[in-house]
Amino acid sequence: MKASPKTKKALAMLVGVVFWLVVWQVASLLIAERLFLPSPLDVVRALGQLAVTGQFWAACGTSLLRIAGGFVLGLVLGALLAVLSAAFRVAEILISPMMQLVRATPVASFIILALVWVNVRYLSTFVSLLIVLPVIYSTVRSGIAAADGQLLEMADVFHVRFWRRVRFIYLPALLPPLMGAAELAVGMCWKSGVAAEVIGLPAGTIGERLYQAKIFLQTPDLFAWTVVIILLSWGFGRLVLFLMRFASRALEGGAAR
Amino acid sequence: MNAASGIVLEHLGKTFGGGPVLQGFSASVAPGEAVALMGASGGGKTTLARIIMGLEKPDTGRVLGTEHLRFACVFQEDRLCEGFTAVANVALVLPRHSPVDVPAALRQTGLSAEELAKPAGKLSGGEKRRVALVRAMEAPSDVVVLDEAFKGLDAASRLQAYAYVKSRLAGRTLLLITHDPAEAEAFGARVVPVQKAGGAEAGPPPADD
């Protein structure tokens with residue numbers, strides 16, 4: 001039986017992952033210093049030890065809620081500002097330079113400013129919001145501008161109502177690039193959100209635990225937390241894409257009435 | 001002449017980058033009349049229809065009697081929402097509680113149940129054309145504009161489509177844009193020649209207001 005392209009892709013990925021795990025294992029054996037480079041098995045063991053503690057799950061939950069919250073806020077606010085910009089030229093004149101400024105500002109500057117402006121508990125939410133905002137804004141704005149002019153003209157002739165235009169013309173043009181942008185933004189907001197937690201050290205978060213692992217030279221824990229961040233970022237990204245694909249299918253599934 | 005007495009086109013002129021497309025074009029269309037705008041390609045027929053529907057502004061002249069008219073149109077392009085089914089594409093232009101049986105209307109043009117369930121993007125050229133035709137005919141309107149609407153249909157489908165359009169016209173004004181005299185004849189349409197920037201005066205002369 002021939003393997004499907006999906007299976008082949010998964011197998012290729014697995015081969016790549018196994019190769020680098022072997023390289024890592026060999027390198028850790030050669031270095032033979034757990035504090036400098038723990039082996040994959042050391043990391044799995046550390047992860048196992050962490051996973052049986054309530055603090056581990058509490059930290060994961062807290063960071064997930066705050067960073068995902070920032071992502072959702074950035075998504076909603078970015079989309080709203082883009083719609084405003086598309087509808088009113090004045091809004092675009094005011095909003096567009098602000099978005100460019102936010103996009104160009106280094107994450108470290110945001111984190112330090114946020115430490116001054118907001119409660120440390122909301123630091124990662126604030127930072128991930130600011131990271132996501134310009135990405136979503138520019139994607140939605142370009143998506144609206146790229147909506148099919150001939151379809152919009154057809155809608156004008158037939159007096160198609162606003163919400164039907166959104167559903168039938170704008171969203172189909174918008175969702176594919178938005179999915180790509182959201183996937184990119186999820187990764188960015190986790191990286192910057194955890195970086196903010198490491199700098200601001202809000203209690204009971206992944207960033208705080210990562211920092212503690214570093215200062216107590218618990219290198220296997222440092223790696224274990226890094227694995228957790230990658231998994232959470234990947235899982236959250238999958239969830240966002242799943243919800244967007246679901247919305248897209250639901251959108252195309254029904255009739256206009 | 002007021003809206004109730006039809007559409008009046010007075011000395012219409014339109015120039016695009018490549019030069020004048022329409023020049024001094026005048027014509028009138030009575031309510032419920034079928035008119036075929038005929039002429040060579042690039043002669044300004046589509047531009048004229050777009051001016052009548054309010055999609056283009058004439059450089060000179062004016063259009064009277066269209067202020068309160070509702071238009072439905074089959075454009076030269078299908079202009080379908082490709083991710084949505086044929087049924088959804090037609091339902092898009094209908095009022096919320098429209099009594100129109102959309103699947104039945106689509107089947108009347110020869111589309112099968114299987115084709116009705118496909119996204120419009122996956123239909124053939126002729127099938128898309130029929131969906132665009134049903135959308136225009138089922139939408140509430142006073143004037144139906146068919147711009148090369150039967151292009152791409154084979155002879156049998158074309159006759160089926162003619163019969164469907166006639167059955168659904170219900171006294172509405174019909175503006176046909178075509179190269180095909182047989183098409184004008186099939187609808188008993190009065191032929192109005194449209195020529196590029198030489199100006200064809202056709203139909204009864206516009207009344208002064």
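Me: How much space lies in the largest cavity?
Reply: About 40 Å³ of space lies in the largest cavity. The model is a predicted one.

Me: And how many cavities of 30 Å³ or more does a search of the whole structure find?
Reply: The search finds one.

Me: Which residues line the largest cavity?
Reply: The lining is made up of B:Leu9, B:Phe25, B:Ala27, B:Ser28, B:Val29, B:Val35, B:Leu37, B:Ile52, B:Leu175 and B:Val192. Two elements of chain B, strand 2 (19-29) and strand 3 (34-38), each give two or more residues to this lining.

Me: Which strand gives the most?
Reply: Strand 2 of chain B does, with four residues in the lining of the largest cavity.

Me: What classes of residue are in that lining?
Reply: Nine residues of the largest cavity's lining are nonpolar and one is polar, and no charged residues are present.

Me: On to pockets. What is the volume of the largest pocket?
Reply: The largest pocket has a volume of about 490 Å³.

Me: Which residues lie nearest its centre?
Reply: Of the 18 residues that line the largest pocket, those nearest its centre are A:Ala79, A:Val83, A:Ile144, A:Val166 and A:Leu174. Helix 3 (54-87), helix 6 (123-145) and helix 8 (162-200) of chain A are the elements that give two or more residues to the lining. The largest share, eight residues, comes from helix 8 of chain A.

Me: How does the lining of the largest pocket divide by class?
Reply: The division is 18 nonpolar, no polar and no charged residues.

Me: What about the second largest pocket, what is its volume and what lines it?
Reply: The second largest pocket has a volume of about 220 Å³. Its lining consists of A:Val17, A:Trp20, A:Leu21, A:Trp24, A:Pro40, A:Val43, A:Val44, A:Leu47, A:Phe223 and A:Val227. Helix 1, helix 2 and helix 10 (219-253) of chain A each supply two or more of the lining residues. By class, the lining has 10 nonpolar, no polar and no charged residues.

Me: Switching to the backbone, where is A:Ala32 placed, and what is its phi?
Reply: A:Ala32 is in the loop between helix 1 (5-31) and helix 2 (40-51) of chain A. Phi of A:Ala32 is near 55°, a positive value in a residue other than glycine. Most residues other than glycine have a negative phi.

Me: Is A:Ala32 buried or exposed?
Reply: A:Ala32 is exposed, because its relative accessible area is 60% and the exposed class begins over 50%.

Me: And where is B:His11 found?
Reply: B:His11 is in strand 1 (residues 7-16) of chain B. Phi of B:His11 is also positive, near 50°. With a relative accessibility of 48%, B:His11 counts as partly exposed.

Notes: Residues numbered from 1 in each chain as written. Chains lettered and ligands numbered in written order. Predicted model: local features only at pLDDT ≥ 70, side-chain atom pairs only at ≥ 80, totals over all residues. Heavy atoms only, no water. Buried < 20%, exposed > 50% of the residue type's maximum accessible area, 1.4 Å probe, protein only. 1 Å grid on protein atoms, 1.4 Å probe; cavity = no way out; pocket = protein on both sides within 12 Å on 5 of 7 lines; lining within 4 Å. Points joined across faces, edges and corners; volume = space filled by probe spheres on them. Nonpolar A, V, L, I, M, F, W, Y, C, P; charged D, E, K, R; others polar.
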